[in-house]
Amino acid sequence: EPTALLDRDLLPAESANQWTTAAATVAQALVLVRDGQPWKVLPEGRYRSFVGSRFSLKAVPLSLQSLEIAPQDVLSQDQVPVRIKPAASVRVGDPLVVLQQPDWHNQVYLAVQVALRELASTRTLDQLLCERDNLDRQLKERAAELLPAIGMILESVSVKDVILSGEVKDLLNRVTLARKEA
């Protein structure tokens, strides 16, 4: 019985080396692992498990986590090469599922990359530069659709930067100058 191996009482000092302790809090879920497999999420409190038993405790942080996603080089709808830097924030939705998906970072990363490529290729350069709020909203929706059930919640996805090459910047500066002169 797994509950017999768990105890909310504090450990006596002399038995501390025979037990592992952990706490389930608002900021951290605690998962009871049975025979190496996530079994159930424990309610808030302090727990201990006997070292060497078939049961162990695994902490899962519930805080918002930022993911660094590499810039994407894409062609806009009007065939202008741009480099777009996205940012994403995720939170654990289901600790049991997350522990079964050790590569959840890669899954989120891939979903955001694919969504960004799809959306950027259907917009002109002006739309990419001027309609960022709309792009951010659609990027989050599309990335969430592409994200498999991995126990993570996609809290936010946004375009941090739209970077133009030096040649494109020079060309845009000439166009702007020509408009002012006209």
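So, Ser 89: setting aside residues up to four places away in sequence, it touches Leu 64, Gln 65, Ser 66, Ile 153, Leu 154, Glu 155 and Ser 156, where contact means heavy atoms within 4.5 Å. Ser 89 sits in strand S8, residues 81–92; strands here are DSSP runs of E, at least two residues, and helices are runs of H or I, at least four, all numbered from the N terminus. With a relative accessible area of 12%, Ser 89 is buried. For that word the cut-off is under 20% relative accessible area, exposed is over 50%, and partly exposed is in between, using a 1.4 Å probe and protein chains only.

Before I go on, a word on what we're looking at. This is a predicted model, so local features need pLDDT of at least 70 and side-chain atom pairs count only at pLDDT 80 or more, while totals for chains, interfaces and linings use all residues. Residues are numbered from 1 along each chain as its sequence is written, and side-chain values use heavy atoms, with hydrogens and water left out.

Okay, over to one of those partners, Glu 155. You'll find Glu 155 in strand S9, residues 152–164. Glu 155 counts as partly exposed, because its relative accessibility is 32%. Beyond its neighbours within four places in sequence, Glu 155 is in contact with Leu 64, Ser 89, Val 90, Arg 91 and Lys 140.

Next stop, helix H5, which covers residues 132–146 and includes Asp 136. A salt bridge needs a side-chain nitrogen of Lys or Arg within 4 Å of a carboxyl oxygen of Asp or Glu. What the Asp 136 side chain does reach is the backbone nitrogen of Val 159, at 2.9 Å. Leaving out neighbours within four places in sequence, Asp 136 is in contact with Val 157, Ser 158 and Val 159.

In general, an α-helix has 3.6 residues a turn, so residues three or four places apart point the same way. Both are partly exposed: Arg 137 at 43% relative accessibility, Glu 141 at 42%.

How many salt bridges are there in the whole structure? The search finds 7. One of them joins Asp 35 and Arg 54, at 2.8 Å, N to O. That pair links distant parts of the chain, 19 residues apart: Asp 35 is in the loop between strands S2 and S3, and Arg 54 in the loop between S4 and S5. Then there's Asp 73 with Arg 83, where the closest N and O atoms are 2.7 Å apart. Here Asp 73 comes from strand S7 and Arg 83 from strand S8, 10 residues apart. And Glu 118, Arg 142 and Glu 145 are linked in a network of salt bridges.

Last one, helix H3, residues 104–120. Its 17 residues should span 24 Å, and the end C-alpha atoms are 24 Å apart, which agrees; the expected span is 1.5 Å times one less than the number of residues. The buried residues of H3 include Trp 104, Val 108, Leu 116 and Leu 119.

Key: Polar contact = N/O pair within 3.5 Å; in protein donor to acceptor, adjacent residues only side chain to side chain.
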